[in-house]
Amino acid sequence: MASQDWIDKDFYAILGVSRDASEEDVKKAYRKLARKHHPDKNPGDEAAEQKFKDVAEAHSVLADKEQREQYDAVRAMGSGARFSGGPGPGGGGGFEDLFGNLFNGGSGGSRGGFGRGGANGPDLSDLFGGAGGFGGSGRFGGGAPAKGADRTARTTISFGGAIRGTTVGLREPDGGVIDVRIPAGIRTGQKVRVKGKGQRGSGGAGDLLVEVAVSGHKFFEREGDDIRIHLPVAFDEAALGTTVAVPTVHGEKVNIKIPAGVTSGRVLRLKGHGVRRKEKGREVAGDMLVTVEVQVPKDLSDEAVQAVKAYAEATKGLDPRKGLEAKAVL
């Protein structure tokens, strides 16, 4: 609608909140109702689509401090004050114009369901946030032209892709493909912003926000920017000490010194051989954490058995359980 009677619409009732509701209460109520009535969840349901529009309109006013104050003042006066969508014939840029872009074509909107293997559903926490949202100046009235809404998508990449960085192709509903560059070092839950690939608007296109999930790996474990591995060490290596080569996530082999007398569970650290990424223009590198696991062989040759017996005889004065009873006293 190009113009709207604020006096005839109770935005608080539409959202189901009290008139003294906090900004957070307004946001929570809006998100709950937007998820419930979103067209993606109610295909072909015109009533749900209209309710979704009403909820978004109510939120756009109540979430904006200045507009909320104006709305409360108009409602308090009880006059027939009207809210105009802007100058010119029909008040161009008004509420229905904005939703016309969202529901009638555009660049696919939140129904695009980007991602390889099909849609994962809308992420409403981002769908209407920032410059792509329905609140703030320029959405209604005679302000600057409205920028299009942001869109969201999800994708899953391999562990190696997250370490090295990669590019994924997200398919549009119309068959087109958007290439998304994933930076090295990204973690599950982080988002990549693709400028200008959101909804089109009179003030320019919004952005595409791609949430990334990273698959696990059978050998490497990520802990923040550190990479942990579990390194099997033979009994004689643990007893006498040695140097072994270990693989890193970057395809290298690095020598690590195993100290004599090392025990299972001890963690050795290789500086700078963890996740490498850029942060604010500088290089950041985690470490590689090597957890030692001393291996005890199950099948021994007769010669090995005799050697172990000789070892036991030579070390019979060493009691690994010395003082255990004293520690166990309650």
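Modeller: Lys-280 is exposed, with a relative accessible area of 85%. The model under discussion is a predicted one.

Biologist: In which loop does Lys-280 lie, and what is the value of its phi?

Modeller: Lys-280 belongs to the loop between β13 (276–279) and β14 (282–285). The residue is not a glycine, yet its phi is positive. The value is near 55°.

Biologist: How many helices and strands are there in the protein, and what percentage of its residues is buried?

Modeller: The protein has 10 helices and 15 strands. A residue is counted as buried when its relative accessible area is under 20%. Of the 330 residues, the buried share is 39%.

Biologist: How are helices α2 and α3 oriented towards each other, parallel or antiparallel?

Modeller: The axes of α2 (residues 23–37) and α3 (residues 46–62) come within 9 Å and cross at roughly 165°. Angles over 145 degrees count as roughly antiparallel. The arrangement of α2 and α3 is therefore roughly antiparallel.

Biologist: Which residues of α2 make the contact with α3, and how many residues of the contact are nonpolar?

Modeller: From α2, the contact draws on Val-26, Tyr-30, Leu-33, Ala-34 and His-37. The residues of α3 in this contact include Phe-52, Val-55 and Leu-62, and also Glu-49 and Lys-51. By class, 2 residues are polar, 2 are charged, and the number of nonpolar residues is 9.

Biologist: Which residue stands opposite Val-254 of β11, and which residue in the turn of the hairpin has a positive phi?

Modeller: Strand β10 (residues 242–247) pairs with β11 in the antiparallel sense over 6 bridges. Opposite Val-254 stands Val-246. The two strands form a hairpin with 5 residues between them, and the turn residue with a positive phi, about 80°, is Gly-251.

Biologist: Which strands stand at the edges of the open sheet of 4 strands, and why?

Modeller: The order in this sheet is β8-β9-β15-β12, with mixed pairing. Each edge strand has a single partner strand, so one side of each is left without a neighbour in the sheet; the edge strands are β8 (221–223) and β12 (267–270).

Biologist: How many bridges join β9 to β15, and which residue of β15 is the bridge partner of Val-233?

Modeller: β9 (residues 226–234) and β15 (residues 288–295) run parallel, and the number of bridges joining them is 8. In β15, the partner of Val-233 is Val-294.

Biologist: Which strands stand at the edges of the open sheet of 3 strands, and which residue of β7 is opposite Thr-155?

Modeller: This sheet has the order β3-β7-β6, with mixed pairing. β3 (151–157) and β6 (191–194) each have a single partner strand, so these two stand at the edges. β3 pairs with β7 (residues 208–214) in the parallel sense over 7 bridges. Within β7, the residue opposite Thr-155 is Val-212.

Technical notes:
Residues numbered from 1 in each chain as written. Predicted model: local features only at pLDDT ≥ 70, side-chain atom pairs only at ≥ 80, totals over all residues. Heavy atoms only, no water. Pairing = 2+ DSSP bridges. Axes fitted to C-alpha atoms, helices over the stretch in contact; angles between N-to-C directions. Parallel < 35°, antiparallel > 145°, perpendicular 65-115°, else oblique. Contact = heavy atoms within 4.5 Å. Nonpolar A, V, L, I, M, F, W, Y, C, P; charged D, E, K, R; others polar. Buried < 20%, exposed > 50% of the residue type's maximum accessible area, 1.4 Å probe, protein only.
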